[in-house]
Amino acid sequence: MIVTIGLGTIINGAAIVAGGIVGLFAGKLFKPPQQQSLCRVCGISVMFIAVAGAMEGMLKVQDTTVKSGRSMLIVLCLAIGTVIGELIGIEKGFERFGEWLKVKSGNSGDKGFVNAFVTSSLTVCIGAMAIVGAMQDALLADYSTLALKSVLDFIIIITMTSSLGKGCIFSAIPVILFEGSVTLLARLISPVMTDTALEYLSLIGSILIFCVGVNLVWGKKLNVANMLPSLILAVAAAYLPWKF
């Protein structure tokens, strides 16, 4: 059991690197206009995946009637979380790290490196699947959730690398750091991540992924990294005396 703990994180990181390498070679087959079209298609796909996740958290069937809810949760978490993120400057931190990686990896001449790194990192890191999978890996020695996520990330990174460039390959670094940290701290995090907390996290996470899709389709319109504190607020909201 001890040997397998953390294996899910390793598999996920390896899948992203493998997907990036495949996407890098596939991207060479396309001309710039085709790459741009592929990027937009990728964005649309990401948006639909995100919408499905968000609707699952907002819509409920009650007496054969579909009802929506949790609108106030979305507004408050995103508004307050974005203000916090803007004040901290999370997006700039991501970009500085991307610039450092660009230099250290010998890709100083790649103008799209940082954008590819930031965009792909946000896509594969955000979401409840990474947290739940890492916790299962640590507490139950069950890496099946992260293995499933690895397959999805493999496909996503192939497409992103084909259209955005080699910076996507390095999204494996934040994924390994994030999931590895959750695995190491699983016993501390587990009591906090109640079913309600996971539902709220998944809902807000899906909306942030939708925002990533918007940037892929229409160019960078939103500083998604600055919205990340919304995820922490979503978990905190699960402990308020009232439900959204």
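**Reading salt bridges, a helix crossing and pockets**

User: How many salt bridges does the structure hold?

Analyst: The structure holds 6 salt bridges. Side chains of opposite charge can pair when their charged atoms come close. The cut-off here is a side-chain nitrogen of Lys or Arg within 4 Å of a carboxyl oxygen of Asp or Glu. Note that this is a predicted model: local features need pLDDT of at least 70, side-chain atom pairs count only at pLDDT 80 or more, and totals for chains, interfaces and linings use all residues. Residues are numbered from 1 along each chain as its sequence is written, and side-chain values use heavy atoms, with hydrogens and water left out.

User: Where in the chain are E199 and R70, which meet in a salt bridge?

Analyst: E199 is in helix α10, and R70 is in the loop between β2 (65-68) and α3. The pair links distant parts of the chain, 129 residues apart. Their N to O distance is 2.8 Å. Helices (H or I, at least four residues) and strands (E, at least two) are DSSP runs, numbered from the N terminus.

User: At what angle do the axes of α3 and α10 cross?

Analyst: Axes are lines fitted to C-alpha atoms, for helices over the stretch in contact; angles run from 0 to 180 degrees between N-to-C directions. For α3 (residues 71-88) and α10 (residues 195-218), the angle is roughly 65°, and the axes come within 11 Å. L73, I74, C77 and L78 of α3 meet Y200, L203, I204, I207 and L208 of α10 (contact means heavy atoms within 4.5 Å). These residues divide into 9 nonpolar, no polar and no charged. Nonpolar means Ala, Val, Leu, Ile, Met, Phe, Trp, Tyr, Cys and Pro; charged means Asp, Glu, Lys and Arg; the others, Gly among them, are polar.

User: What is the volume of the largest pocket?

Analyst: Rolling a probe the size of a water molecule over the atoms shows where empty space is left. A pocket is an open set of points on a 1 Å grid over the protein atoms alone, where a 1.4 Å probe fits, with protein on both sides within 12 Å along at least five of seven lines; lining residues have an atom within 4 Å of a point. Grid points are joined across faces, edges and corners, and a volume is the space filled by probe spheres set on the points. The largest pocket has about 760 Å³. Of its 30 lining residues, I49, M129, L152, S206 and I209 are closest to the centre. Helix α2 gives the most, 8 residues.

User: Which residue classes line the second largest pocket?

Analyst: Its lining has 20 nonpolar, 3 polar and no charged residues. The largest pocket's lining has 15 nonpolar, 9 polar and 6 charged.
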